[in-house]
Amino acid sequence: MPSVIPSAARVVDMTTGDRPVEVVPVDHPLGHDTGWHMHERGQLIYAEAGVMAIETVAGVWVIPPARAVWVPAATRHRTMARTAIRMRNVFIRADARARLPTDCVVVTVSPLMRELIREAEGLPVNYDPEGADGRLMAVLLDRIETLPATPLHLPMPTDPRLQRITETLAADPADSRRLADWARHAGASARTLARLFHRDLGMTFGTWRQQARLLAALERLAAGAPVTMVALDLGYDSPSAFSAMFKRAFGVSPSGYFKVPHGGERTDAPQ
């Protein structure tokens, strides 16, 4: 459930050297919450294994295996472990690249990118930027700039009337009330609410609720819940209806999503 964002957050420096790019591995147990913080460097947070959620003022990003989220420098955020996670952080100094995203975005990590991160993780802290290690980091940056975006973001509104709706649905995605049913709860007409969803979130109420359900499904599936239970818990009429919606969104069935994310290797939980 989205939480209250503090006006300030502690600055955390996880790097130990002065090179423009550094990979920092971190493992967290199920349920771990980093609390609100920010970094002076931009951060690519890669889920090598497990599922995590990243929250900022703009919304929530769900990160399953083979995905990563780019968090620009000085962005207040928190990381929550939905399962035990094996997390790899790529910290990038501001002067390293000018073509990195200015907003948070979830990206798909290719097998090549995965291996580059693994190799960079083993480099000396103060590697030679002009040598082979520096060239490896340059290739890593090149690949980060071209990573394809993935629709794993649940935007959150700033309008308090919409917040009453989205906070309730984030806590209970199975709530099936129509927009007209929310009018009294939100203190606005259904027409006004529909307009606010387009203005604040760039999507309809139905699309937002579907996205909330799909991201909640990812978290439950990663924790090992059966597809049928997930479908019914999230308000779908049947497992087949849920599976069809899931496949339209992610291109693969719910049962197959975590099995072979890349190159025949399971990465649904830390080893």
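What follows is a run of questions on the labels, with the value behind each.

Colleague: What kind of model is this, and what is the mean pLDDT of the chain?

Modeller: The model is predicted. The mean pLDDT of the chain is 87. Of its residues, 92% reach 70 or more.

Colleague: Where does pLDDT stay under 50?

Modeller: Over residues 260-271. The model has 30 contacts beyond four places in sequence for that stretch.

Colleague: What makes up the secondary structure of the chain?

Modeller: Eight helices and eleven strands.

Colleague: How do you know that the radius of gyration agrees with a compact globule?

Modeller: Set the value against the rule. For 271 residues, a compact globule would have a radius of gyration near 18 Å. The chain has 20 Å, so the two agree. Along the principal axes, the C-alpha trace spans about 65 × 40 × 30 Å.

Colleague: What share of the contacts join residues at least 24 apart?

Modeller: The share is 74%, among contacts between residues at least 6 apart in sequence.

Colleague: How far apart are the mean positions of the positive and negative charges?

Modeller: They are 8 Å apart. The chain has 31 positive and 29 negative charges.

Colleague: Now single residues. Why is A66 called buried?

Modeller: Its relative accessibility is 1%. Buried means under 20%. Therefore A66 counts as buried. A66 lies in the loop between β6 (59-63) and β7 (67-71).

Colleague: What is the phi of A66?

Modeller: About 70°, which is positive although A66 is not a glycine.

Colleague: A74 next. Is A74 buried or exposed, and what makes you say that?

Modeller: The relative accessible area of A74 is 53%. The cut-off for exposed is over 50%. So A74 is exposed. A74 is found in the loop between β7 and β8 (78-81). Its phi is near 65°, a positive value in a residue other than glycine.

Colleague: Why is V26 called buried?

Modeller: V26 has 16% relative accessibility. The limit is under 20%, so V26 counts as buried. V26 is found in strand β2, residues 21-28.

Colleague: Which residues is V26 in contact with, leaving aside neighbours within four places in sequence?

Modeller: M14, I85, R86, M87, R88 and N89. V26 and I85 are 59 residues apart along the chain. Their C-alpha atoms are separated by 8.5 Å.

Colleague: What makes R118 partly exposed?

Modeller: The value is 28% relative accessibility. R118 sits in helix α1, residues 111-121.

Colleague: How far is R118 from R184, C-alpha to C-alpha?

Modeller: They are separated by 52 Å. Along the chain, R118 and R184 are 66 residues apart.

Colleague: How do you know that N126 counts as partly exposed?

Modeller: N126 has 48% relative accessibility. Exposed would need over 50%. So N126 counts as partly exposed. N126 lies in the loop between α1 and α2 (132-145).

Colleague: What is N126 in contact with, its neighbours within four places left aside?

Modeller: G17, D18 and R19. N126 and V60 are 66 residues apart in sequence. In space they are 34 Å apart, C-alpha to C-alpha.

Colleague: Last one. Why is L123 called buried?

Modeller: The relative accessible area of L123 is 16%. Buried means under 20%, so L123 is buried. L123 lies in the loop between α1 and α2.

Colleague: Which residues does L123 touch, not counting those up to four places away in sequence?

Modeller: L123 touches D133, L136 and M137. L123 and R93 are 30 residues apart along the chain, and their C-alpha atoms are separated by 17 Å.

Definitions and conventions: Residues numbered from 1 in each chain as written. Predicted model: local features only at pLDDT ≥ 70, side-chain atom pairs only at ≥ 80, totals over all residues. Heavy atoms only, no water. Helix = DSSP H or I, 4+ residues; strand = E, 2+ residues; numbered from the N terminus. Rg over C-alpha atoms; globule rule 2.2 N^0.38 Å. Contact = heavy atoms within 4.5 Å. Lys, Arg positive; Asp, Glu negative; His and termini not counted. Charge placed at Lys NZ, Arg CZ, Asp CG, Glu CD. pLDDT = per-residue confidence, 0-100. Buried < 20%, exposed > 50% of the residue type's maximum accessible area, 1.4 Å probe, protein only.
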